[in-house]
Amino acid sequence: MRQVEWARELARKVLERRLPRRWEHSQGVGRRAESLAPILGKDAEILAASAWLHDIGYAPDLIDTGFHPIDGGRYLRDVHGADELLCRLVAHHTCAEIEAGQRGLLDILTGEFPKERGDLVEALTFCDMTTSPDGLPLTVFDRLAEIRSRYGPDDEVTWCINRSEPCILSAVRAVESRLALSDVRLDCLV
């Protein structure tokens, strides 16, 4: 779990002081990912590390394109020489392709970070979209409503969330099915 410890500490350093609420969310997403270990086997560590780091691209010092999945993936790759799969998971979390397309960044996203391991992208999306901004578990429907409320009906993020909803719901259902089939119950599952 050395990679997870590194990821947790890096996320703390980057987010805790400058973006405390984003740090709270990242802690909840990281804990959620760690709780999926029984269904992930050898992939548990890479998922947990990506969960801790998924939102570091929001940090003001890391902003390049203004799209946090790409900015976070680039930071991990270029500054830390992080594992390629870790960078790709961060860059593709929560249906990032849809928002990247809306922002005119899809070629950059897919060119720099080819998508792979859809099962892990789904698991990371599950963790992100069932964790509140304060790091608490909630349903995917409550999370979608929270995002829409926070950004408002006319914001580009709301438009992207509306377009991403089928992808997000599919990811959450896929992970919930894996949990049910393996008879794993998460204490924090709502």
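Student: What should I know about the model before I start?

Tutor: It's a predicted model, where local features need pLDDT of at least 70, side-chain atom pairs count only at pLDDT 80 or more, and totals for chains, interfaces and linings use all residues. Residues are numbered from 1 along each chain as its sequence is written, and side-chain values use heavy atoms, with hydrogens and water left out.

Student: How much space lies in the largest pocket?

Tutor: Rolling a probe the size of a water molecule over the atoms shows where empty space is left. A pocket here is an open set of points on a 1 Å grid over the protein atoms alone, where a 1.4 Å probe fits, with protein on both sides within 12 Å along at least five of seven lines. The volume is the space filled by probe spheres set on the points, which are joined across faces, edges and corners. For the largest pocket that comes to about 400 Å³.

Student: Which residues lie nearest its centre?

Tutor: Tyr-58, His-68, Glu-99, Tyr-151 and Val-157, out of 26 lining residues (those with an atom within 4 Å of a point).

Student: Is His-68 buried or exposed?

Tutor: Buried, at a relative accessible area of 12%; the cut-offs are under 20% for buried, over 50% for exposed and partly exposed in between, with a 1.4 Å probe and protein chains only. His-68 sits in helix H5, residues 68-80 (helices are DSSP runs of H or I, at least four residues, numbered from the N terminus). Its side chain makes a polar contact of 3.2 Å with that of His-93, meaning a pair of N or O atoms within 3.5 Å, one able to donate a hydrogen and the other to accept it.

Student: How many salt bridges are there?

Tutor: Side chains of opposite charge can pair when their charged atoms come close. The rule wants a side-chain nitrogen of Lys or Arg within 4 Å of a carboxyl oxygen of Asp or Glu, and the count is 20. One of them pairs Glu-112 with Arg-77 at 3.1 Å, N to O. Glu-112 is in helix H8 (residues 106-112) and Arg-77 in helix H5, so this pair ties together parts 35 residues apart in sequence.

Student: Where do Glu-146 and Arg-143 lie?

Tutor: Both are in helix H10, 3 residues apart, about one turn of the helix. Glu-146 is buried at 19%, and Arg-143 is buried at 4%.

Methods
Helices (H or I, at least four residues) and strands (E, at least two) are DSSP runs, numbered from the N terminus.
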